[in-house]
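Me: Please take a close look at one part of this model and keep to what can be computed from it. I would like the cut-offs stated as you go.

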Amino acid sequence: MRHENARLIACQIGDGMDRLSSIALAILVMMDAPVVAQDKTPVARPVLQADGSVLMPGRVVQMPSSFSPEARQAFLDYYARGGDPAFAGDIFAIRRIYDEKWAGPILTAWEKRFPVKTQRKTLAGVMVDEVTPAAGVAADKRDKILLNFHGGGFVLGNGGIGGRIEAVPVAGLGGYRVLSIDYRQAPEARYPAATDDAVAVYREILKTYRPENIGVYGSSAGGMLTAQLIARLQKEKLPRPAAIAIMAAGASRSGASDSSGWLLGLTGAEVKAPAEMPHMPQYFSPTDMEDPAAFPADAPDILARFPPTLVLSSSRDALLGNALNTSAKLVEAGVENQLYVREGFGHGYFTQVPNVPEAIAAWQVTVAFFDRHLGRLQENK
């Protein structure tokens, strides 16, 4: 119930591009050898180290009892089929595997559950997929639109498949017109190319839709891009959308956190040593990491002018710490926000399992959030 891509995201985003440092503790926790403290003494319980770190012994973590029967079965099925597809080769080979063996079958399942119409087109020079309910956009939402930015660590999800996974349930459940943006990624482009594409599309839809009738959401890398769009709109003095949703992500340049350190292993994902990980292109350069617009949660002046924000995550998401930190900073900045965290699920679970009630519930929360805020007159700060 989670995928290889989250490891890439945790490296590129969650820990500020420090490749794989986030999984070092996870490797320690899950190895078979006895866990030892700094003084080489084996430990049978968590031990606080002199540097403030906590040493965790090996232990069995049960499947959460709160899981629905469908979630429990999906978790077991994940193990039965051997986990995620084997991602190997260069980025272009990995993208093919992602599309054909992971994202493609999931998209088919979503479209079976929520029949939609999809039109691929170019808008402001950017490829987009316009996704609408098969029965048509709801009558009370014909003057409204949602923009979606797919996940993929700024390297995967191109070609429409990744975005449509996130657009279909929102169009189907909410009756919305959703534009999924096929933004540029590495290695073909570097930061801030994705933000440039997002702004170009946003400018274009402002010609047809009022800002109070526009919502923006994205998961993982797309959640970060959602925040980056808001920062850029401020710089270019464009009106902000009515509301945004940052899903399976945060908007902070976070380093070490509880979630980045060990939650990856609790999802059943195989944790590999750095030398075993496929080499992935980098979207951010070291200099980019210092740009406040890249990580707006760390810039109070930018964050204070955010629209109402939904932060959605899960308790076994490696980026949970970033999400919690972002939500806390939104509260401190006086920004209206809602935090929704689901117990026991891994990174981006709501995109992956169309038959699991908890996944549907996450999308229902998202739809309800936009229903409350779109169409509401707001003061653009």
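Reply: Phe149 and Tyr183 are both buried, where buried means under 20% relative accessible area, exposed over 50% and partly exposed in between, with a 1.4 Å probe and protein chains only. The model is predicted, so local features need pLDDT of at least 70 and side-chain atom pairs count only at pLDDT 80 or more, while totals for chains, interfaces and linings use all residues. Residues are numbered from 1 along each chain as its sequence is written, and side-chain values use heavy atoms, with hydrogens and water left out.

Rings of Phe, Tyr and Trp (its six-membered ring) pair if their centres lie within 6.5 Å; planes under 30 degrees apart are stacked, over 60 edge-to-face, and the rest tilted. By this rule there are 18 aromatic pairs. In one of them, Phe149 and Tyr183 are edge-to-face, at 6.3 Å centre to centre and 75 degrees between the planes. Phe149 belongs to strand S5 and Tyr183 to the loop between S6 and helix H6 (193-205), so the pair ties together parts 34 residues apart in sequence. Helices (H or I, at least four residues) and strands (E, at least two) are DSSP runs numbered from the N terminus.

The rings of Tyr217 and Trp363 have centres 6.3 Å apart and planes at 75 degrees, so this pair too is edge-to-face. It links strand S7 to helix H11 (residues 357-373), 146 residues apart. Tyr217 and Trp363 are buried, and both are in one aromatic cluster, whose members include Phe67, Phe345 and Phe350.

Back at Phe149, its strand S5 (residues 145-149) pairs with S6 in the parallel sense over four bridges; two strands pair if DSSP finds at least two bridges between them. Leu147 stands opposite Leu179 in S6. S4 (residues 126-133) runs antiparallel to S6, also joined by four bridges, and Val128 has Ile181 as its bridge partner. Within S6 (residues 178-181), Val178 and Ser180 point one way and Leu179 and Ile181 the other, and all are buried. In a regular strand the side chains alternate between the two faces of the sheet.

Ser219 lies in strand S7 (residues 214-219) and, at 5% relative accessibility, counts as buried. Leaving aside neighbours within four places in sequence, the contacts of Ser219 (heavy atoms within 4.5 Å) include Phe149, His150, Gly151 and Phe350. The C-alpha atoms of Ser219 and Gly151 are separated by 5.1 Å, although the two are 68 residues apart along the chain.
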